[in-house]
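Please look over the structure below before reading the numbered points.

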Amino acid sequence: MLIQSNWVVCCSPSYIEKHGEVTHLEELKKHNCLAYTYQAQGSFDWRFIKNEIGKDSIEESVRISGSLTTNNAQALRKAALAGFGIVYVPRCCVYEDLQKGALQAILTDYQPRQLGVYAIYPQTRYLPEKLRLLIEHIKKAYQNKKEYF
């Protein structure tokens, strides 16, 4: 694994001003949630883990709906920036927007999904040195930007 990719639920401050705060998963059902269809399943079922002090973590999910579905995270990012709805995307796609305040993370009491980022290559008995060095270089580059993930 090269790095662990954390996801985030976010929207623009203008969306919150117009449609109200979202503090519980069930409230997502009343909002325009924009679906990321890149993954094979779960595009419309947003899954989270709720960590409560002194209790076991609980996995929760909510079925969302909205007016836009796409397999392009940057299209979702632009729609969210325009105040069009709420998105659930890899944090690296919106990290700078979150830092600038153009997008705002919501439902921060819930832990969003995490997915590993892997280097995939054909199986071989001996890993060529240049491939090993490339993977090492990519992993180091990701580690240098780990706050994005």
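1. For the residue classes used in point 6, Ala, Val, Leu, Ile, Met, Phe, Trp, Tyr, Cys and Pro count as nonpolar, Asp, Glu, Lys and Arg as charged, and the others, Gly among them, as polar.

2. The model is predicted, so local features need pLDDT of at least 70 and side-chain atom pairs count only at pLDDT 80 or more, while totals for chains, interfaces and linings use all residues. Residues are numbered from 1 along each chain as its sequence is written, and side-chain values use heavy atoms, with hydrogens and water left out.

3. Buried means under 20% relative accessible area, exposed over 50%, and partly exposed in between, with a 1.4 Å probe and protein chains only.

4. Which residues does Ile-106 touch, leaving aside its neighbours within four places in sequence? Its contacts (heavy atoms within 4.5 Å) are Val-9, Cys-10, Cys-11, Ile-16, Val-22 and Ile-86.

5. Strand E1 is largely enclosed by the rest of the structure, because seven of its nine residues are buried. Strands pair if DSSP finds at least two bridges between them. E1 pairs with E9 (residues 114-117) in the antiparallel sense over four bridges, with Val-117 as the bridge partner of Ile-3. Four bridges also link E1 to E6, again antiparallel, and Val-9 stands opposite Tyr-88 there. Strand E7 (residues 104-105) runs antiparallel to E1 and is joined to it by two bridges; Gln-104 is the bridge partner of Cys-11.

6. The lining of the largest pocket has six nonpolar, three polar and one charged residues. Among the lining residues are Ser-5, Trp-7, Tyr-36, Arg-113 and Leu-115. A pocket is an open set of points on a 1 Å grid over the protein atoms alone, where a 1.4 Å probe fits, with protein on both sides within 12 Å along at least five of seven lines; lining residues have an atom within 4 Å of a point. E9 supplies the largest share of the lining, three residues.
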